[in-house]
Amino acid sequence: MARKKPEDLRSHRWYGAKDLRSFGHRSRTLQMGYSREDYSGKPVIAILNTWSDINQCHTHFKQRVEEVKRGVWQAGGFPVEMPAISLSEPFQKPTTMLYRNLLAMETEELLRSYPADGCVLMGGCDKTTPALIMGAVSMNLPMVFMPAGPMLRGNWRGNTLGSGSDSWKYWAELRAGNIDERAWSEIEEGIARSAGTCMTMGTAATMMSIAETLGLALPASSAIPAVDSNHSRMAEACGRRIVDMVWDDLKPRDILTDGSFDNAITVLMALGGSTNAIVHLVAMAGRAGLKLPLERFDAISARVPLLANIRPSGKYLMEDFYYAGGMPALMAELGDLIDGSQKTVNGRTLGENLAGAKSHIHDVIAPIDEPVKATGGLAVLRGNLAPDGAVIKPTAADPRLLRHTGKAVVFEDYNDMAARIDDENLDVDADSVLVLRNAGPLGGPGMPEWGMLPIPRKLLKQGVRDMVRLSDARMSGTSYGACVLHVAPESFVGGPLAFVKTGDLIELDVARRRLDLKVDEEEMSRRRAAWKPPAKKFQRGYGAIFSEHITQANEGCDFRFLEGTAPTAEPEIH
């Protein structure tokens with residue numbers, strides 16, 4: 001394809017016309033202190049920066065955005081920083097997942113309504129990665145994703161701490177009385193030591209790794225620790241590369257194919273990645289006009305071994321993963337399981353980018369003939385309790401619970417669970433199945449990360465550290481345990497989970513991919529007839545839009561009116 005000329009640039013419609021409106025665009029750009037030489041005939045690069053004072057993962061983005069700009073200037077582009085909603089995982093309530101689609105919409109509309117020729121997407125904290133990519137794919141301008149990178153290892157009394165995973169671990173020990181408040185306070189002070197995302201294989205690390213695998217981020221960019229000087233150089237390289245992408249008109253839908261998504265699922269399994277990635281990948285594929293049924297995840301999982309020995313499925317952290325070779329090393333070890341013919345943002349194929357890559361530390365990234373575990377990290381379940389699917393991360397669960405039958409202990413919602421879980425009179429034992437409902441896309445609302453239900457305190461004191469837990473919620477990618485998640489349809493819309501009663505037998509069989517409620521159909525019909533739909537959560541605002549248009553977990557939790565690749569007209573410039 002011939003390279004674009006300056007008059008072919010999208011921004012030329014704003015800056016290049018000889019009319020009163022373009023006079024206004026040029027004069028206002030001069031008002032900001034730029035000269036004509038800064039922008040005339042050059043690609044305008046939108047830098048979508050999800051920095052804010054309340055996003056702990058992105059505190060280094062004030063510096064990184066200047067480095068991206070430096071790269072854009074070096075390559076002959078005109079950089080324009082555009083702040084976007086930050087989606088801070090620990091602070092935004094009830095969940096950032098409620099607002100993922102809002103950031104996706106903002107991304108698409110920023111790129112549509114302003115004179116952007118291409119964009120650099122600055123994200124990493126869990127939902128920012130899929131949201132930015134979803135919006136940019138829908139707009140389909142040349143783009144590079146710049147990952148935030150993981151934080152440094154945590155430390156407490158000589159023990160290496162992993163964010164999220166060790167929070168859950170030591171919280172259980174505190175509740176059991178095995179550590180005191182002083183120790184807990186020290187852990188709080190030592191678990192998050194720098195800018196960057198969770199350094200376990202949580203949702204942030206998983207989605208940044210997937211962005212690189214899909215070909216939307218520069219090679220070897222996703223695992224660089226946020227405070228490493230290599231991260232600064234990578235940010236600058238993103239700025240340089242996007243300018244050439246604009247001239248070459250290399251767009252995300254030129255890169256995203258069925259094959260690139262199969263690569264992403266393969267990597268997800270080899271990493272032991274977050275269950276959240278399933279929902280995000282389905283939504284991202286939908287924006288590219290591709291279908292990604294849950295069965296594809298399960299089929300790929302069956303043939304992909306777990307190679308990354310990273311918490312919560314393994315031992316190490318993302319800093320170690322980076323030193324071991326990062327994503328190029330992992331994909332190289334996967335060999336023929338990766339389709340190397342797929343395109344990437346640097347203009348080369350994935351296979352070309354992987355040439356010469358290998359694992360430098362086999363205990364962190366295992367060779368394929370000596371995997372950490374023989375099969376991948378996630379499994380998709382079906383059955384009369386989850387007709388549209390549910391997911392579990394077997395690699396992070398106690399193996400004895402992967403085939404289990406127990407009596408349900410049902411919690412109506414999160415508040416009910418919080419009020420009763422530590423009640424000494426709760427009728428529960430180690431074989432019980434904890435059930436949380438009304439925690440899905442509509443019931444939560446937003447499908448919060450409530451799926452790792454706490455073990456009842458009286459069982460913790462008995463030494464119990466894992467139980468089968470079942471919900472229509474999500475779970476933090478840093479969490480662990482025999483947690484069945486994303487049960488679809490959710491209970492709030494009358495899915496079978498709404499009809500479970502305390503004392504019912506629930507059977508989980510991961511090997512058979514089954515999740516079943518041992519109640520006959522006649523009784524289920526009676527319960528279904530007696531069920532009354534709950535009241536809507538929102539009466540106005542964005543929440544009302546969310547409630548009206550959100551899809552279920554197996555469909556990606558996107559808005560129905562944003563799916564697919566239907567064209568939207570470019571703005572009129574008058």
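Here are some notes on the charged pairs and aromatic rings in this predicted model.

1. Ground rules. Residue numbers run from 1 along each chain as its sequence is written, and since the model is predicted, local features need pLDDT of at least 70 and side-chain atom pairs pLDDT 80 or more. Totals for chains, interfaces and linings use all residues, while side-chain values rest on heavy atoms, with hydrogens and water left out.

2. Salt bridges overall. The whole-structure search turns up 45 salt bridges (a side-chain nitrogen of Lys or Arg within 4 Å of a carboxyl oxygen of Asp or Glu). Side chains of opposite charge can pair when their charged atoms come close.

3. D166 and R311. Have a look at this salt bridge, where the closest N and O atoms are 2.7 Å apart. The two partners sit 145 residues apart and link distant parts of the chain: D166 belongs to helix 7 (residues 165–176), and R311 to the loop between helix 14 (294–301) and helix 15 (318–323). Helices here are DSSP runs of H or I with at least four residues, strands are E runs of at least two, and both are numbered from the N terminus. D166 is buried at 5% relative accessible area, and R311 counts as buried too, at 16%. For the cut-offs, buried is under 20% relative accessible area, exposed is over 50%, and partly exposed lies in between (1.4 Å probe, protein chains only).

4. E173 and R465. Here the N to O distance of the salt bridge is 2.9 Å. This pair also links distant parts of the chain, with E173 in helix 7 and R465 in the loop between helix 19 (457–460) and strand 11 (468–471), 292 residues apart. E173 is buried at 18% relative accessibility, whereas R465 is partly exposed at 31%.

5. K251 and D254. The closest N and O atoms of this salt bridge are 3.9 Å apart. K251 is buried, at 18%, and D254 is partly exposed, at 30%. Elsewhere, shared partners tie E89, D126, K127, E449 and R474 into one salt-bridge network.

6. Aromatic rings. The search over the whole structure gives 15 aromatic pairs. Rings of Phe, Tyr and Trp (its six-membered ring) pair if their centres lie within 6.5 Å; planes under 30 degrees apart are stacked, over 60 edge-to-face, and the rest tilted. Y322 and Y323 count as tilted because their planes are at 50 degrees, with the ring centres 5.9 Å apart. Y323 is partly exposed, at 40% relative accessibility. Also worth a look is the cluster of Y15, Y34, Y39, W73 and F78, linked by ring pairs.
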